[in-house]
Amino acid sequence: MKRIREALYIGLFDSLPLLRDPMLLIVLSMFSFLPVMFIYLFAGAGDTFNASLVGAIVLSLAFVGLFSAQSVYFNKHWFRFQDIFVASPVSPISYAIGLSVSTLIVSLPAVILAMALLLIGVPRPIWDILAVVAVSAILWIATLMIGFAIGASTKNTRRANSLPQVLGIVLGFLPPVYYPLERLPGFLQPIALLVPTTHAAELSKYYFGLATIPDWEIVFGWLYLIAFTAVMGLIVVRRAHWVDP
């Protein structure tokens, strides 16, 4: 219980600026929702719009995972809050979980709105919904690992701010997350499948009945996401130090 309280307090502390200004929380959380509105304006309601809602769910969690790099960097190098936690009985696991909780708070408005609209337009069994939640959670953990690695290893403010934004575009807007994989030329589809957000989006669309993919691709997508997350975890273990050597 002590570790849980530590993680909760750290998460609330990291989210305090947003919790004190709910409008800023809504604006940031809706960043991944902007393409959905454009798709609705140009394509109207239908499978294309519903597929874009799936993309919003997946990327809402992925984006905040990447932007955890800023919290890690500023807590460690700018405000020196991590030094305070190191000098206290706080566990590094509690600290990492606390920062993870703060990212969930940021993403909740967009995730809840997109999921509600999807369930209204495309009702699905509870197992399919849980599968989408699991896929999004795995991708969120993977991007959290990326964010932690960036924030802990860089000592440059500009890199801490710019790298998550660049990766957000590379992982979020360029791959077929908001749009179908079939829209890409054939020679680009294998390249797109190297990006973890593509697998997360394809699996989520499949479980909502918005895409048809073979069984082997379903298994491969799950294995790829799990393996990618494990690799990112190994990188964090090597790059993120609770106490600098």
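This is a predicted model: local features need pLDDT of at least 70, side-chain atom pairs count only at pLDDT 80 or more; totals for chains, interfaces and linings use all residues.
A residue is called exposed when its relative accessible area is over 50%, and buried when that area is under 20%.

Helix α3 spans residues 34–43, and its buried residues are Pro35, Val36 and Ile39. These three lie on the same side of α3, because they cover an arc of only 100° around the axis. An α-helix has 3.6 residues a turn, so residues three or four places apart point the same way. The face of α3 turned away from this buried side carries Phe38 and Leu41, both of which are exposed. Among the elements that cover the buried residues of α3 are α4 and α9. After α3 comes Gly44, which has a positive phi, near 75°.

Helix α9, one of the elements covering α3, is formed by residues 157–173. Its 17 residues reach 24 Å from the first C-alpha to the last, close to the 24 Å expected at 1.5 Å a residue. Buried within α9 are Ala160, Pro164, Gly168, Leu171 and Gly172.

Ser136 belongs to α8. Since its relative accessible area is 2%, Ser136 is buried. Leaving aside neighbours within four places in sequence, Ser136 is in contact with Ile57, Val58 and Leu61. Ser136 and Ala201 are 65 residues apart along the chain, and their C-alpha atoms are separated by 8.6 Å. Thr143 also lies in α8. With a relative accessible area of 2%, Thr143 falls under the 20% limit and is therefore buried. Residues up to four places away in sequence not being counted, Thr143 touches Leu61, Ala62, Gly65 and Leu66.

The largest pocket holds about 740 Å³ of space. It is lined by 27 residues, of which Leu18, Phe67, Gln70, Ser71 and Val106 are the closest to its centre. Two or more lining residues come from each of α1 (2–19), α2 (22–29), α4 (47–66), α5 (68–78) and α7 (92–121). Of these, α1 gives the most, with six residues. By class, the lining of the largest pocket comprises 15 nonpolar, eleven polar and one charged residues.

The second largest pocket contains about 300 Å³ of space. Its lining consists of 15 residues, and those closest to its centre are Pro92, Ala96, Phe148, Val236 and Ala240. The elements contributing two or more residues to this lining are α5, α7, α8 (126–153) and α12 (215–239). Helix α7 supplies the largest share, five residues. The lining of the second largest pocket divides into twelve nonpolar, two polar and one charged residues.

Terms used
Residues are numbered from 1 along each chain as its sequence is written. Side-chain values use heavy atoms; hydrogens and water are left out. On a 1 Å grid over the protein atoms alone, a cavity is a set of points where a 1.4 Å probe fits but cannot get out, and a pocket is an open set with protein on both sides within 12 Å along at least five of seven lines; lining residues have an atom within 4 Å of a point. Grid points are joined across faces, edges and corners, and a volume is the space filled by probe spheres set on the points. Helices (H or I, at least four residues) and strands (E, at least two) are DSSP runs, numbered from the N terminus. Ala, Val, Leu, Ile, Met, Phe, Trp, Tyr, Cys and Pro count as nonpolar, Asp, Glu, Lys and Arg as charged, and the others, Gly among them, as polar. Buried means under 20% relative accessible area, exposed over 50%, partly exposed in between (1.4 Å probe, protein chains only). Contact means heavy atoms within 4.5 Å. The expected span of a helix is 1.5 Å times one less than its number of residues. The arc is that of the directions from the helix axis to the C-beta atoms.
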